[in-house]
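Please open the structure in the viewer and keep the selection tool at hand.

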Amino acid sequence: MTQEISSLMDGELQGREADAAVSACCGDEDRKRTWYLYHAIGEAMRGQAPASLAIPANVFEKLRQQPTVLAPGRRVPATVTRVALAAAASVATIGVVGWIGSQGGGGAPVEPVVAKAPTASIQPVASTAAVVTAPVLNVQTAPVLNVQEYLVAHRQIPTPDLYRPVTNRAPVAVAR
Amino acid sequence: MLAGGRRWLPAIALGVACGAQAGPPADALGWLQRATEAARNASYAGTFVHSNGERTSTIRVTHVSVNGDEHERIEALDGPPYEIVRRNEEMFCYFPDAKTVRLDRRVNARFFPSLFRAPADVIARSYDVKLGTVEHVLGYDCRWIQLAPHDASRFSERLCSEVGSGLVVRAKTLNLQGQVIEQYTFTDLKLGPQVARGDVKSIFEARVKQWITDSQPREEAKGVDTGWTVTGLPPGFAKVTELRRTLPGRPQPVSQLIYSDGLASLSVFVEPNGAPKRTSEASSEDGTTTFFVRPMGDQLVTVLGEVPLPTAQQVGRSVAHRP
């Protein structure tokens, strides 16, 4: 049943399926709560936190009065990017970027405070066989923006996923 | 004047370090330079909250400087636990959930309160640096340093620099409309002799014996010539490095070019436009993080950085083969 409610909200159900889901959805208190909770979750993920998790008293009455809209199924991943960014939240604070020292011309700037490797290459973190965190939303729409991988690569964020354990590493490894 | 050109004090003994005792600098650039140096040379311990757009995280940082060596411990207080213990450029990254510790070499980590990647005079090429008011923050007097960008291709920055040591205790990034979109702020802070060398020891170190240790240095992303360049780079941005990086799920390495103006940075990624093939441009913004992706023939260009969207678009649309 929760699958039906989810599909209904995603606009995947049409015609009789949708009708069935709508009547089922409003059929009992448990399902009403599920329906409302899913919307609340969706809103929270879009950054519009609901004022309360309790169902407003009149919401189903208003819903009943709404005309049925028969729209083609659509799966617009409008919130996917935002969600992907949110997924990166816990690791986004840390980043590593090189020191640009005296590049760019215009006289001799003050020597960088850290004298070691002022314009050195960036230490790699992303690894070959690593599996990045599973997508937050299981959206099948074609090219989903996977911001997380690029964010991790840009800020050189250390994550266990990108640090391959030595046991998974094929040839030579140094274990201590 | 005197303090503006002064170098940091290398001889600090017995785990007790403090900022320069020579009094606050005379001008804004001196303040900015001192703030940059204080993040490396001062001893401090505290918890800070980082909010960027809709995201918030809490981090504990402990930093001491002993005989010129930096020792630092970073611990995430939100989300999956991790800890980084750093001695100068050596980083031990502990991931207790994965029972993994990783030895890595840092080039330059942007750990708050260390936000700058260039000396003050390089930053002054892209920003007007001015001094603001003195405020009482967390029991310390701190002076605001304002960085107003010379053009619309970057955000403006405000830093609250502790008067005694120069350490940045609060930092705000503002968009072109003057709204705060990213913020770092200490919620508690100890400075100077209150911080001991032992405070930067790993809390996981004792448990690590059964963990997987990976100390293999990574060779895959040494600086290389990727063959790509950006022709429409905004003024003030300079290339930090370029490399080939192996990203998960991709058969071929991805080229990455990193640019910075000393404060803001952006990465340009170029890779084959694979399956599923992207056919249109797309972008997203959250806080200071801007993401822009654009198909370019058989290639896919992705720009990610702490810059306004038009900057990311300008950069992304001017990627070309190096002549």
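**A tour of the aromatic rings**

Over all chains, the structure holds seven aromatic pairs. The model is a predicted one.

Begin by selecting Tyr150(A) and Phe291(B), which form a tilted aromatic pair with 5.9 Å from centre to centre and 50° between the planes. This pair crosses between chains: Tyr150(A) belongs to helix H6 (residues 147-155) of chain A, and Phe291(B) belongs to strand E18 (residues 289-296) of chain B.

Next, select Phe112(B) and Phe186(B). Their ring centres are 5.3 Å apart and their planes meet at 45°, so this pair is tilted. The pair links distant parts of the chain, 74 residues apart: Phe112(B) is in the loop between strand E6 (100-105) and helix H2 (120-123) of chain B, while Phe186(B) is in strand E11 (residues 180-191) of chain B. Phe112(B) counts as buried because its relative accessibility is 1%, which is under 20%. Phe186(B) is also buried, with a relative accessible area of 1%.

Select Trp31(B) and Arg34(B): Arg34(B) lies over the face of Trp31(B), at 4.8 Å from the ring centre. Then select Tyr127(B) and Arg154(B), where the charged end of Arg154(B) sits over the ring of Tyr127(B), 5.9 Å from its centre.

Conventions: Residues are numbered from 1 along each chain as its sequence is written. Chains are lettered from A and ligands numbered from 1 in the order in which they are written. This is a predicted model: local features need pLDDT of at least 70, side-chain atom pairs count only at pLDDT 80 or more; totals for chains, interfaces and linings use all residues. Side-chain values use heavy atoms; hydrogens and water are left out. Rings of Phe, Tyr and Trp (its six-membered ring) pair if their centres lie within 6.5 Å; planes under 30 degrees apart count as stacked, over 60 as edge-to-face and the rest as tilted. Helices (H or I, at least four residues) and strands (E, at least two) are DSSP runs, numbered from the N terminus. Buried means under 20% relative accessible area, exposed over 50%, partly exposed in between (1.4 Å probe, protein chains only). A charge sits over a ring if NZ of Lys or CZ of Arg is within 6 Å of the ring centre and within 35 degrees of the ring normal.
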